[in-house]
There are 2 protein chains.
Amino acid sequence: MSGPVDFYFDFSSPYGYFASTTIDRIAAESGRDVVWHPILLGAVFKIVGTAPLVDYPLKGNYMRRDLVRAARLWKITFKEPPGFPHNTIAAARLYYWIHDEDTNKAKAFARAVYAGFFEQGRDVSSAEAATAFAVEQGFDRGAAIAALANQAVKDRLRGEVDAAIARGVFGSPFVIVDGEPFWGSDRLDQVKAWLETGGW
Amino acid sequence: MSGPVDFYFDFSSPYGYFASTTIDRIAAESGRDVVWHPILLGAVFKIVGTAPLVDYPLKGNYMRRDLVRAARLWKITFKEPPGFPHNTIAAARLYYWIHDEDTNKAKAFARAVYAGFFEQGRDVSSAEAATAFAVEQGFDRGAAIAALANQAVKDRLRGEVDAAIARGVFGSPFVIVDGEPFWGSDRLDQVKAWLETGGW
């Protein structure tokens, strides 16, 4: 029972971004690695029958307030991206394309995309915008653009999303520790406790 | 800025029940009282366009697991009521009927209903079942049954629900401190910090 922690997130999820800033440290404190799995919440929402939080009356306004307040409390740099939420399929495909070559570079790419989106207000949704992050990680622009159109890369992401749903993932962030599921950045304290104690 | 804390909840909400076991203590530590406001999530869901968590695929199963796990962690007695969720309109009406006569008895009634529902597995949804809790608090059975059919009592609850929605309440538990909204039992640590610091 000391395998890696699975961290599921959507690149457009601000709570996923919050979790991304601490999940590796929490796991490392218990001697665990973290496998990052970008997914597409749009595909999940179709199964679950939900929608982005911002689309709900009352809930959307609350979420905007909660995000800014939580970021201040946790001292996380956060700026709501313009036109939020965004399509993040290109970034997710590039993540797995990089991942299958170099897992460390994939995590660095994911961190850069999250920082670009939620700290710097950069566009991450178009193919060109997502590709720019891969180029900044040292990948060839042409190869990245070709990867986005590659059916095997598309299938790789689809397989990850299907596998996540099959494991019961329905939101972002979603963390699974030794088969135990935790949903939401507000469950990270329980993730930490579970890792430290082996469960209760 | 030292008025009471407003605590909104639905009698059928397990996370509301969790919050009910600690909200008065958290507020008292900062010298605050708590005003309890039972509401009807069904009415809120119509506005927000959501549904009970248990009705969503994946999310419902997760919630059941999360509830039992959180109760164990926080050492709260918890048993999922049979046939959950239940209609709690009678309990909510009786709460306000009692409240307008004696606020302390109303809170004792609410605690008893929550304990009956989530600790003892008692029925709380029928008029007779809800009335039994009022009788146990020393109220006359006939008067309680009459209150349930009283248009003024019905309007009292409707007014509370409308006022809650007007303040942005869309879930249970929902706590408002000096105009600052907090949704969910997992925000009680922030409620505590907000009360202690006056905000951040």
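**Exercise 1. Determine the order of the strands in the open sheet of chain A, and explain why β2 and β4 each have one side without a neighbour.**

Solution. In this predicted model, the open sheet of chain A consists of four strands, and reading across the sheet gives the order β2-β1-β3-β4, with mixed pairing. The next step is to look at the two ends of that order, where β2 (34-38) and β4 (180-183) of chain A stand at the edges; each has a single partner strand, so one side of each is left without a neighbour in the sheet. From one strand to the next, the twist averages 20°.

To follow one pairing in detail, take strand β1 (residues 5-9) of chain A, which runs parallel to β2(A) and is joined to it by five bridges. Among the residues involved, Val5(A) has Val34(A) as its bridge partner in β2(A).

**Exercise 2. Find which residues of helix α7 of chain B are buried, and work out why they line one face of the helix.**

Solution. Begin with the helix itself, which covers residues 127-136 of chain B and in which Ala130(B), Thr131(B), Phe133(B) and Ala134(B) are buried. Viewed down the axis of α7(B), the buried residues fall within an arc of 150°, so they line one face of the helix. As a further step, ask what this face meets: the buried residues of α7(B) pack against α5 (89-99), α6 (103-118) and α8 (141-148) of chain B. Just after α7(B) comes Gly138(B), which takes a positive phi of about 100°.

**Exercise 3. Describe the side of chain B that touches chain A, by element and by residue class.**

Solution. The contact involves 19 residues of chain B and 19 residues of chain A. On the side of chain B, the elements that give two or more residues are α3 (41-48), α4 (59-74) and β4 (180-183), and of these α4(B) gives the most, with five residues. Sorted by class, this side of chain B has 11 nonpolar, five polar and three charged residues.

**Exercise 4. Locate Gly184(B) and decide why it counts as partly exposed.**

Solution. Gly184(B) lies in the loop between β4 and α10 (188-197) of chain B. Leaving aside residues up to four places away in sequence, Gly184(B) touches Tyr15(B), Gly171(B) and Pro173(B). Finally, Gly184(B) and Thr197(B) are 13 residues apart in sequence, while their C-alpha atoms are 20 Å apart in space.

Definitions and conventions. Residues numbered from 1 in each chain as written. Chains lettered and ligands numbered in written order. Predicted model: local features only at pLDDT ≥ 70, side-chain atom pairs only at ≥ 80, totals over all residues. Pairing = 2+ DSSP bridges. Axes fitted to C-alpha atoms, helices over the stretch in contact; angles between N-to-C directions. Buried ≥ 20, exposed ≤ 12 C-beta atoms within 10 Å, placed from the backbone. Arc of directions from axis to C-beta. Contact = placed C-beta atoms within 7 Å. Nonpolar A, V, L, I, M, F, W, Y, C, P; charged D, E, K, R; others polar.
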